[in-house]
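Reader: I have a new model open and would like to talk it through with you. Could we take it piece by piece?

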Amino acid sequence: MRLVLHSSFCWIVALLSVIGTTEAIAATVPSHPIVAGFERFFTASSTNLVKGGELLLSELRCVNCHDSGEHKERIPTLSGPLLDNLPTRLNFDYLVEWLSKPHASKPGTLMPHLLSGESEQAQKDDATALAFYLFSTSPFPASREAASGSLENGRRLYHSIGCVACHAPEEAFKPGEGSAESVPEQIKIASIPLGNLQRKYSHEGLVGFLLDPVKWHPDARMPRTPMSESEAADLALYLSGGNLGSGLPALLPDRIEKGRKRFAELSCAACHTVGGAGESIPALKAKPLAEINAEAAGCLSDSPPPRLPDYQLSPLQRQAIIAALKNLPQAKPLAAAQRVHRHMLALNCYACHARDGIGGPETGRAVYFQTSGADLEDEGRFPPPLTGVGRKLLPQAIKRIVQGEERIRPYMTTRMPDFGEHHAEQFAKTFSATDLTGTIKPTPRDGNEHLTGRSPWGRELIGTKGVGCIYCHDLNGNKSLGIRAVDLLHAPKRLHPEWFRDYLIDPASFKPGTRMPSFWPEGKAVHELVGKNTARQIDSLWVYLTELDQNRLPEGMEEKGNFELKPTNAPIVFRTFMKDAGLHAISVGFPEGVHIAFDSEQVRWALAWRGQFLDAEGTWDDRFAPLAEPLGTNVLQWPLGAEVGDERQFKGYRLDARGVPTFLYQADTWEVEDTVEPIAGNLRRTLTLRGGSPSKWLGLLSRHHGEKIETLDDRVWSAGAVQLRLVQPATARTAILQNNGSQHLIVSPEFDAQGEAKLVMEVRW
Amino acid sequence: MKRLFSFFLSVVATTSLFAAEEDYYKAVTIPVPDHIKLEVSGMALLPDGRLATANRRGEIWILDGVHDATPTNVTYKLFASGLHEPLGLAWRDGALYTVQRTELTRLRDTNRDDRADEYLTVAKGWGVTGNYHEYAYGPVFDHSGNAWLTLNCTIGNTVRTNDAWRGWSLKVDTKGNWQPVSGGFRSPSGIGLNREGGVFASEQQGNWFAAGALLHIQFGVFHGHASALKSCDLPQATFKKPASLPQNLTIVQAAREIPALELPAVWLPYRKMGMSVTDVLCNTNGMKFGPFEDQLFIGEFTMSGVNRVFLEKIKGQYQGVCFPFRKDLQSATVRLAWGHDGSLFVGQNNRGWNSLGTRSYGLQRLNWTGKTPFEIKTMQAQSDGFLLTFTKPVNRESAQASSTYELQSYTYPYHANYGGPETDIQKLTVNQIKISSDGLNARLVVEGLREGYVHELRLPQMKSSTGEMLLHDSAFYTLNQIP
């Protein structure tokens with residue numbers, strides 16, 4: 001076969017394919033077709049194997065050939081992927097390989113082998129002809145786009161945005177550093193196979209697929225996960241190694257015609273439509289479902305006879321399908337709750353969501369569900385359970401959510417995907433029909449308008465003088481005062497008001513394990529407002545949230561304090577986490593407007609600055625304790641390398657009568673007292689040493705990277721912006737030491753009869 | 001009209017319900033001036049009767065007048081400031097001690113002006129990564145003068161990598177040498193001794209802890225939270241890292257598989273006993289605080305209350321029972337301390353999390369009114385059941401009826417998930433009941449006791465000989481060992 005290579009990027013392809021990662025992703029895939037819902041919930045001992053069989057009859061497209069007649073709703077037909085635009089998307093060689101041996105090419109695929117009875121050569125010829133035909137129906141691309149993107153980011157995305165809820169994670173990938181699951185569990189439920197993406201897709205084709213899988217495969221179970229084009233490129237690069245494609249064939253008309261013929265004979269059209277020319281090829285019809293003998297013969301035999309599709313069914317799958325066929329005469333239309341369950345099985349919603357005690361992330365995959373909202377714990381990581389969701393959410397909200405339009409939990413790293421309008425509309429109906437049953441007491445909203453809540457009451461309740469929702473919940477984009485739970489802004493657009501009321505009264509009965517307390521325990525109001533009327537209080541919150549954009553923020557959020565520390569009469573000593581002074585920082589603010597920070601871990605002066613001192617908000621008010629930074633200007637970073645002694649141990653500090661701290665530490669054999677305080681807009685440092693070897697030298701100033709300490713006179717030195725004057729003792733010997741591109745100003749302390757040495761110096765900058 | 005009537009009924013019922021605890025243990029609110037944000041995080045009674053309080057803002061205030069019957073003239077003196085989130089306070093040998101995020105500090109006023117002028121570092125060096133969750137609690141001094149601290153585990157973003165001993169308890173000797181003792185904590189926000197000097201820490205419901213718990217700190221013990229296992233690789237570690245952590249077992253099964261894992265001495269079932277366990281304080285006041293001598297009082301954050309624990313030692317291990325004690329305080333209980341008159345100071349703040357009540361921080365005092373509530377005073381394990389002791393004689397008819405005793409047992413899952421349901425629940429039947437001649441004891445013979453399980457007892461119908469109902473009708477006994 002003559003291939004025309006369009007690629008002047010051949011070397012890039014070669015380079016990138018080395019790092020193609022599909023193979024790195026744990027790939028012990030069973031050989032039978034993987035239908036996620038079946039894998040997870042059906043075993044040989046299942047009493048409901050009929051349901052599993054019905055799921056397979058639909059998911060494996062059996063009913064595309066075997067008409068399910070009156071059971072269409074139970075066992076719907078599903079299309080296969082569209083075969084449009086293949087030359088742009090796929091590699092020709094892969095397509096031939098795939099059509100000749102789908103199960104070898106992608107173990108676990110749902111596509112049956114249709115050429116199984118033929119000789120090797122015939123298989124290859126047929127597959128090539130089919131591929132020619134399929135490639136002939138769409139235009140060839142002028143050229144293929146070069147791969148671009150970040151492989152590492154693709155890897156991160158793959159393991160965090162939800163891909164691995166269904167697909168296998170890479171074994172070497174270490175998810176969730178610092179998470180509670182330090183010992184991840186084995187994954188037990190078979191993953192949906194990826195196949196060899198590197199051989200299958202062009203980079204452009206894979207990017208296009210990831211951006212909108214539903215476009216290429218309307219009935220696929222792969223939803224559209226919201227992502228940017230550059231994220232899709234990163235993912236594609238990670239998954240396929242950025243393949244440019246194996247080149248495009250020169251199309252031979254007779255082969256194309258043969259392919260078209262085989263396409264019709266093999267009844268490919270039962271599942272696939274061919275795009276491009278918009279051609280319509282009829283599919284053959286097989287025996288209707290109701291007329292099939294429920295036994296291990298035909299497609300259901302161990303090795304199906306030639307010319308029948310070979311699915312490589314597992315014994316359990318065969319058993320389930322036979323059970324479903326046997327049960328068919330008795331099968332009744334599904335009730336709403338069963339429809340919801342079947343629908344969730346088919347779309348594998350259970351991979352992420354639990355409902356009525358089943359499903360939710362399996363233990364081995366839980367670790368890939370992460371949160372950026374520390375403190376929210378499992379409620380921040382795991383997609384919400386869907387038990388009673390139809391009672392909770394308005395139908396129009398369910399529709400928006402299933403279409404991936406409403407991500408109100410930005411802290412969750414997984415992304416709720418878009419399953420398309422058709423599924424969204426169905427879920428909106430079936431969830432509501434199933435869950436909105438029984439008598440639900442109406443809220444005052446309904447017909448008792450004189451009893452409804454009022455926005456000012458709601459404002460009072462939501463704030464710190466009320467029940468204090470904003471301690472934990474964000475509000476209209478404003479940070480909560482503590483943990484960052486879901487923004488309450490969304491409530492009225494999404495929730496049934498009755499659910500809102502009932503949930504507030506008893507959160508745990510709706511969401512077992514939630515840490516939301518009840519502020520109306522047993523329905524009784526604790527707050528005095530509105531005569532302690534629970535219904536009106538809760539309705540007031542509802543009204544306030546509804547009118548949020550026209551209202552003032554609640555108390556506590558509106559009047560966040562000003563936490564600037566202003567030393568006025570005496571120094572302020574303030575310990576905190578501080579940028580460039582470390583996690584053991586002790587900052588000292590002086591009324592003179594010159595401030596310093598001591599690092600009590602390294603036991604060294606770290607910073608000095610002028611102007612405003614510090615803002616304590618990060619330390620006093622922000623739960624997440626961000627690093628403090630000097631508020632002022634002229635920030636001086638004390639040069640490293642001029643600490644006293646090598647081995648230092650911090651001992652604390654003393655305050656003098658004016659409140660100036662003297663830092664105490666052990667440095668080698670010396671006991672050190674170290675005081676820095678302002679003098680005329682600069683700093684004076686006093687060091688007192690006791691009990692050490694008098695002959696030892698002491699570092700005062702350092703400079704690195706070949707830069708020099710300049711001697712200005714015999715008691716004044718400069719190092720960049722810093723000038724140091726040794727005031728006392730006047731007679732001390734000094735020297736400048738050279739060491740590997742660094743310079744150190746050293747001094748020999750003079751000890752008195754009591755074994756005490758005192759050094760005083762001024763630091764200007 | 002009918003609606004109006006039922007409305008009144010509910011108001012009456014509500015009032016009497018709230019009044020009941022208040023009748024026995026009255027809450028007196030200590031006024032706080034507007035300019036002081038008294039988010040109490042530590043309390044220590046000084047020998048002169050003044051109360052020192054540390055707060056989340058790193059200040060130590062010394063309060064005078066807090067024991068007054070109506071404390072309207074309380075004075076506040078700022079003793080120290082600038083500390084890094086001190087979460088404990090203790091007075092010993094003329095100095096106050098507190099644990100800051102990075103060190104144990106000794107504070108002294110050497111010139112008698114009521115301001116600390118000496119902030120000396122007693123011990124430091126445990127891992128601090130800059131992660132917000134790395135709270136450090138303590139100190140509590142034991143009977144030999146050692147200081148005990150506990151360190152939260154790290155959750156979320158870090159700035160530095162040194163997380164040595166996060167999730168461990170530390171013991172600091174009188175010379176300032178410290179060593180790790182036990183590991184596997186998540187957020188052990190309260191430390192306390194029992195009468196015999198055993199050291200206990202409280203634990204929050206969360207990952208690896210399906211409910212709140214009281215844990216006995218002992219050398220070589222693993223309490224259950226996995227992130228502490230990182231420090232098992234350090235030479236000073238006191239137990240060996242388990243090769244793997246079994247998940248999806250019950251905690252009782254897990255304790256059999258992991259040699260170092262010790263079950264909590266007492267579980268505090270989630271919601272039933274509150275939602276967030278804080279301080280631990282032993283009642284060493286004799287009868288000054290009512291009939292619960294030598295029992296532990298335990299702070300409850302979210303529900304703004306105080307709970308009660310009775311411990312006993314069975315086969316060399318502490319285990320015991322918890323009871324609700326007092327709720328409806330003004331804010332989250334974080335610290336507990338005894339006043340010199342045997343009243344209980346409750347230091348409060350709800351920073352970061354919300355709590356029931358009307359304030360975000362403050363200080364209250366619980367005074368025993370002298371009236372004895374009708375309560376289950378103790379619940380003790382027997383080889384074939386339990387022995388209940390009441391504070392007042394029971395009504396024999398109600399006490400003899402087996403329908404009076406609703407008993408079930410359950411345990412919890414051991415897993416990395418946050419929290420977890422009560423699992424393997426079984427109802428138990430009381431086969432035999434024997435009431436002592438003074439009516440103060442009920443001896444129950446129970447079928448189906450299970451070791452390691454929480455045994456939840458409810459007595460909604462129990463009456464005293466004078467017809468009173470129990471003030472709190474539930475008890476939760478953690479039966480680690482059947483005697």
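Reader: What does the domain assignment of chain B give?

Author: This is a predicted model, and for chain B the domain assignment gives domain 1, covering 22-368, and domain 2, covering 376-479. Taken over C-alpha atoms, the centres of domain 1 of chain B and domain 2 of chain B are separated by 29 Å.

Reader: And how many residues of domain 1 of chain B are in contact with domain 2 of chain B?

Author: On the domain 1 side of chain B there are 36 residues in contact with 31 residues of domain 2 of chain B. At least two residues of that domain 1 side come from each of strand E17 (249-250), helix H2 (251-257), strand E18 (266-268), strand E21 (305-314) and strand E22 (317-326) of chain B.

Reader: Which of them gives the most to that side of domain 1 of chain B?

Author: E22(B) gives the most, with 6 residues on the side of domain 1 of chain B that touches domain 2 of chain B. By class, the residues of this side of domain 1 of chain B are 25 nonpolar, 9 polar and 2 charged.

Reader: Stepping back to chain B as a whole, how many helices and strands are there?

Author: Chain B has 3 helices and 34 strands. Its radius of gyration is 23 Å, close to the 23 Å that the globule rule gives for 483 residues, so chain B is as compact as a globular protein of that length. Along the principal axes, the C-alpha atoms of chain B fill a box of roughly 65 × 60 × 45 Å.

Reader: What share of chain B is buried, and what about contacts between residues 24 or more positions apart?

Author: Of the 483 residues in chain B, 57% are buried, and among the contacts in chain B with a separation of 6 or more, 59% are between residues 24 or more positions apart.

Reader: Changing topic, how many residues does each chain bring to the contact between chain A and chain B?

Author: Chain A brings 44 residues and chain B brings 51 residues. On the side of chain A that touches chain B, helix H17 (377-381), strand E6 (572-578), strand E7 (582-589) and strand E12 (648-655) of chain A each supply at least two residues, and the side divides by class into 23 nonpolar, 10 polar and 11 charged residues.

Reader: Which strand of chain B is joined to E12(A), and how do the two run?

Author: E12(A) is joined by 3 bridges to strand E9 (residues 118-124) of chain B, and the two run antiparallel. Within this pairing, Arg654(A) has Glu118(B) as its bridge partner in E9(B).

Reader: Now H16 in chain A: which of its residues are buried, and what do they pack against?

Author: Helix H16 (residues 336-347) of chain A has 12 residues and reaches 16 Å from its first C-alpha to its last, close to the 16 Å expected at 1.5 Å a residue. Buried in H16(A) are Val340(A), His341(A), Arg342(A), Met344(A), Leu345(A) and Ala346(A), and the buried residues of H16(A) pack against helix H2 (36-41), helix H3 (49-59), strand E3 (354-355) and helix H20 (421-435) of chain A. Asn348(A) follows H16(A), and its phi is positive, near 60°.

Technical notes: Residues are numbered from 1 along each chain as its sequence is written. Chains are lettered from A and ligands numbered from 1 in the order in which they are written. This is a predicted model: local features need pLDDT of at least 70, side-chain atom pairs count only at pLDDT 80 or more; totals for chains, interfaces and linings use all residues. Helices (H or I, at least four residues) and strands (E, at least two) are DSSP runs, numbered from the N terminus. The radius of gyration is taken over C-alpha atoms; the globule rule is 2.2 Å times the number of residues to the power 0.38. A residue is buried if 20 or more other C-beta atoms lie within 10 Å of its own, exposed if 12 or fewer, and partly exposed in between; C-beta atoms are placed from the backbone. Two residues are in contact if their C-beta atoms, placed from the backbone, lie within 7 Å. Domain bounds come from an automatic or database domain assignment. Ala, Val, Leu, Ile, Met, Phe, Trp, Tyr, Cys and Pro count as nonpolar, Asp, Glu, Lys and Arg as charged, and the others, Gly among them, as polar. Two strands pair if DSSP finds at least two bridges between them. The expected span of a helix is 1.5 Å times one less than its number of residues.
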